[in-house]
Amino acid sequence: MENIVIQGGVPLHGSVESSGAKNAALPLLAAAILADGPVTFHRIPHLNDITTMTKLLAWQGAEVEYDDKNCLTIDTRNATKPEAPYELVKTMRASSLVLGPLLVRFGEARVSLPGGCAIGARPIDLHLKALEAMGAEIMVEHGDVIAKAPNGLKGAHIFFDQVTVTGTENIMMAAVLADGETILDNAAREPEVVNLADSLRDLGAKIKGDGTDTITIQGVSSISGGDIYTVADRIETATYLAAALITGGDVTVTKTDPNMLDAFLARVKEVGGVVETGADFIRCAAPERLKAVNIHTMPHPGFPTDLQAQFMAMMCVADGTSLISETIFENRFMHVQELIRMGADIQLDGHTAVVKGVKHLSAAPVMATDLRASASLVLAGVAAEGETVISRVYHIDRGYERIEEKMRSLGAQIERQYV
Ligand code: UD1
């Protein structure tokens, strides 16, 4: 078992580089299934979720070669198994991203249904409905989705009842090789969706409208291999900026993109933080004391649910009361009980957390419950005086590359403990 041990109470200062985004890299890797040649991926973060996705592609018969830690080449031309088994899917819900690409390439696919996860039920019904609209026959048997499209997938006009990020990505990939035109309405506008569309276009796909809520894809008969570049991780970027704000420090994140973080940076200004941005960097400096502000999570360009926990950690030590509403996932407040163990004053009222700021958090043993919840505990830990021990840190390794090393470079006293 591994723990993260933090001696907190030290303001963080300095500069740290953003990694490539996990949530961009996962659909990009799945897109290799569509390509008619080797695809070289650049700036892939070295994370457990990425390893799971590459294992899944290798299991299907793809050749996967690491050029270095953050660059790999995948050739799926000899892949023969259009399947994703439960052993791999259960550890990472985003494995369902292979469903659309496998179905359009092989005319069939068998992908295990992701189970519930810590932050809610997270079904994939919208992905399945869209594939059915494109002509697929779908059955669920023994926990697996069995999809067939013996005559290929046909373009269709799809309206997503709810904005779904991986749903938009899955169907966009299927539509790239489908017959005719597909229109995705109420599509996700996240930068990771745009990164996928840009990359697919570079390989020969015909896609328009990404970044808006209507995406139009004109099917083509094949796309080639080539080079693909992952965008910066906006959630990781904001987590290090939050580390500056919660500790009374001053941190610059480089190799990132301020345009992806408008909603977060607007809130940082409201809490009294200093924000400085350039083409590829963001600097945030803390005020004497953070001011409490309200947030509610929304699909992009709204405030990201993936930053709700980290922002709540900041609000725990702000001056005043903050209302934090979670509108995307029904159970994404697992960090609340752990933050309360560290002296936070938080009450839950349905989908809203009422956070009354306290002057100081106090170090305590706490448990990581999901990926972003764990990040909020690291933030609380670097702010709190004394020793915080975070257990079950495998959650954090799914999404944060070299977190102790990066935090240490900013002056944090943080170690991994093997017990
Ligand atoms: C992606 C991100 C995740 C982020 C989330 C919301 C990846 C790999 N993960 O997850 O980090 O927290 O977007 O920004 O990119 N829903 C349905 N039916 C569906 C699909 C979704 O009801 O078929 C619901 C979900 O339960 C949730 C909401 O729609 O309430 C949004 O989920 P979605 O955008 O699909 O999240 P993911 O794509 O899984």
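Okay, let's start with lysine 406: beyond its neighbours within four places in sequence, lysine 406 is in contact with Val16, Glu17, Ser18, Ser19, Glu236, Tyr240 and Glu401, where contact means heavy atoms within 4.5 Å. Before I go on, this is a predicted model, so local features need pLDDT of at least 70 and side-chain atom pairs count only at pLDDT 80 or more, while totals for chains, interfaces and linings use all residues. Residues are numbered from 1 along each chain as its sequence is written, and side-chain values use heavy atoms, with hydrogens and water left out.

Back to our lysine. Where does lysine 406 have its place? Lysine 406 sits in helix α14, residues 403-409. Helices here are DSSP runs of H or I with at least four residues, strands are E runs of at least two, and both are numbered from the N terminus. And is lysine 406 buried or exposed? Lysine 406 counts as buried, because its relative accessibility is 5%; buried is under 20% relative accessible area, exposed is over 50%, and partly exposed is in between, using a 1.4 Å probe and protein chains only.

Next up, a helix pair. Helix α8, residues 234-247, packs against helix α12, residues 371-383, at an angle of about 25 degrees, and their axes are 9 Å apart. The axes are lines fitted to C-alpha atoms, for helices over the stretch in contact, and angles run from 0 to 180 degrees between N-to-C directions. So α8 and α12 are roughly parallel to each other, a label for angles under 35 degrees. On the α8 side we have Ile235, Thr239, Ala242, Ala243, Ile246 and Thr247, and they meet Arg372, Ala375, Leu379, Ala380, Val382 and Ala383 in α12. Sorted by type, the residues of that contact come out as 9 nonpolar, 2 polar and 1 charged. Ala, Val, Leu, Ile, Met, Phe, Trp, Tyr, Cys and Pro count as nonpolar, Asp, Glu, Lys and Arg as charged, and the others, Gly among them, as polar.

Now the strands. Aspartate 349, for example, has threonine 352 in β21 as its bridge partner.

Last stop, β23, residues 386-391. Strand β1, residues 2-8, pairs with β23 in the antiparallel sense over 5 bridges, and valine 5 has valine 389 as its bridge partner there. Strand β22, residues 365-367, pairs with β23 in the parallel sense over 3 bridges.

Conventions. Parallel < 35°, antiparallel > 145°, perpendicular 65-115°, else oblique. Pairing = 2+ DSSP bridges.
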